Amino acid sequence: MYMIKKASEISGVSVRMLHHYDEIGLLSPQKSENGYRYYTEEDLAYLQTILFYKYLGFPLKKIKLLMAKDNTELLTHLKKQLSLMKKEKEKLLTLMETLQQTIDYEERKITMSIKEKFRGFVYQDNQKYEEMAIDKYGKDIIEKSMENLKGKEVEFTENLNQIFTSFAENMAKGIEATSKESVELAKSLHEYICRYSFDCSMEAFSGIGYGYQENPEFKSNIDRFGIGTAEYACDSIQKYVSEAR
């Protein structure tokens with residue numbers, strides 16, 4: 001028997017996110033006679049399967065459908081996940097090769113074409129992010145966002161990278177996430193999303209910030225700029241939102 005706080009510690013999933021899973025009917029804890037909620041070993045195995053699917057980029061609605069089809073056959077899900085992860089491995093190997101070529105370019109000034117620099121970074125791979133966004137903000141808003149981004153994908157990504165690089169640099173310098181400098185970065189990020197993507201309300205922007213910190217895939221990607229950058233950026237965003245309201 002695992003109370004929700006202990007389940008959160010073991011799995012790395014925040015208590016807030018576990019409550020969310022309960023609300024949407026993806027994973028609900030058991031209830032004892034005295035009203036306490038707890039998770040069983042089977043529930044945690046189920047949670048592990050959810051996290052595998054999330055890591056592979058499936059939105060929560062899709063995961064719920066996948067699990068509902070055959071929720072008694074964990075082995076079936078694990079085999080499906082292994083197959084999908086093998087495909088992800090191929091993508092990762094391609095990215096590793098691209099990274100090595102980039103390092104060689106920097107160290108030895110080896111010529112590297114633009115096409116080579118972006119090999120492995122296929123923008124269409126970000127469809128999984130699009131699906132997650134549709135779950136949260138609605139299809140119409142995200143389709144409009146994707147239309148606005150057409151032809152600007154590389155520019156958009158490079159500018160976002162610069163903002164997160166600045167967040168990481170501020171964090172490394174010991175500047176507080178709630179400082180004026182970092183809140184200005186959050187403001188720039190919000191304005192940039194509004195200009196190039198969709199009319200992002202303060203509430204939606206706050207949700208995006210929490211997503212950076214709580215979604216394992218988003219957190220992993222952002223923390224490549226420096227461990228802790230995702231949480232740092234989230235704190236800056238929440239400060240910016242609170243001041244702007």
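A nonpolar core is a set of buried Ala, Val, Leu, Ile, Met, Phe, Trp, Tyr and Cys residues joined through side-chain atoms within 4.5 Å. This is a predicted model.

The largest such core holds 26 residues. Phe167, Leu189 and Phe205 have the most contacts inside it. Helices H9 (153–172), H10 (180–196), H11 (202–214) and H13 (229–244) are the elements that each give two or more residues to this core. H10 supplies the largest share, seven residues.

Which residues does Leu189 touch, leaving aside those up to four places away in sequence? Its partners are Leu160, Ile163, Phe164, Phe205, Tyr212 and Ile237.

On the surface, Met1, Met3 and Tyr36 form a nonpolar patch. Together they have about 370 Å² of accessible area. Met1 sits in the segment before strand S1 (2–3).

How many disulfides does a search of the whole structure find? The search finds zero. A disulfide is a covalent bond between the sulfur atoms of two cysteines.

The table sets out relative accessibility for Met1, Cys194 and Cys234.

| Residue | Relative accessibility | Class |
|---|---|---|
| Met1 | 68% | exposed |
| Cys194 | 29% | partly exposed |
| Cys234 | 1% | buried |

Buried means under 20% relative accessible area. Cys234 therefore counts as buried, at 1%. Met1 is exposed because its value, 68%, is over 50%. Cys194, at 29%, falls in between, so it is partly exposed.

Methods: Residues are numbered from 1 along each chain as its sequence is written. This is a predicted model: local features need pLDDT of at least 70, side-chain atom pairs count only at pLDDT 80 or more; totals for chains, interfaces and linings use all residues. Side-chain values use heavy atoms; hydrogens and water are left out. Buried means under 20% relative accessible area, exposed over 50%, partly exposed in between (1.4 Å probe, protein chains only). Helices (H or I, at least four residues) and strands (E, at least two) are DSSP runs, numbered from the N terminus. Contact means heavy atoms within 4.5 Å. Patches are made of residues with over 30% relative accessible area and no salt bridge: like charges are joined within 9 Å, nonpolar side chains (Val, Leu, Ile, Met, Phe, Trp, Tyr) within 5 Å. Accessible areas come from the Shrake-Rupley method with a 1.4 Å probe; for residues, only the protein chains shown count as cover. A salt bridge is a side-chain nitrogen of Lys or Arg within 4 Å of a carboxyl oxygen of Asp or Glu. A disulfide is a pair of cysteine sulfur atoms within 2.5 Å.
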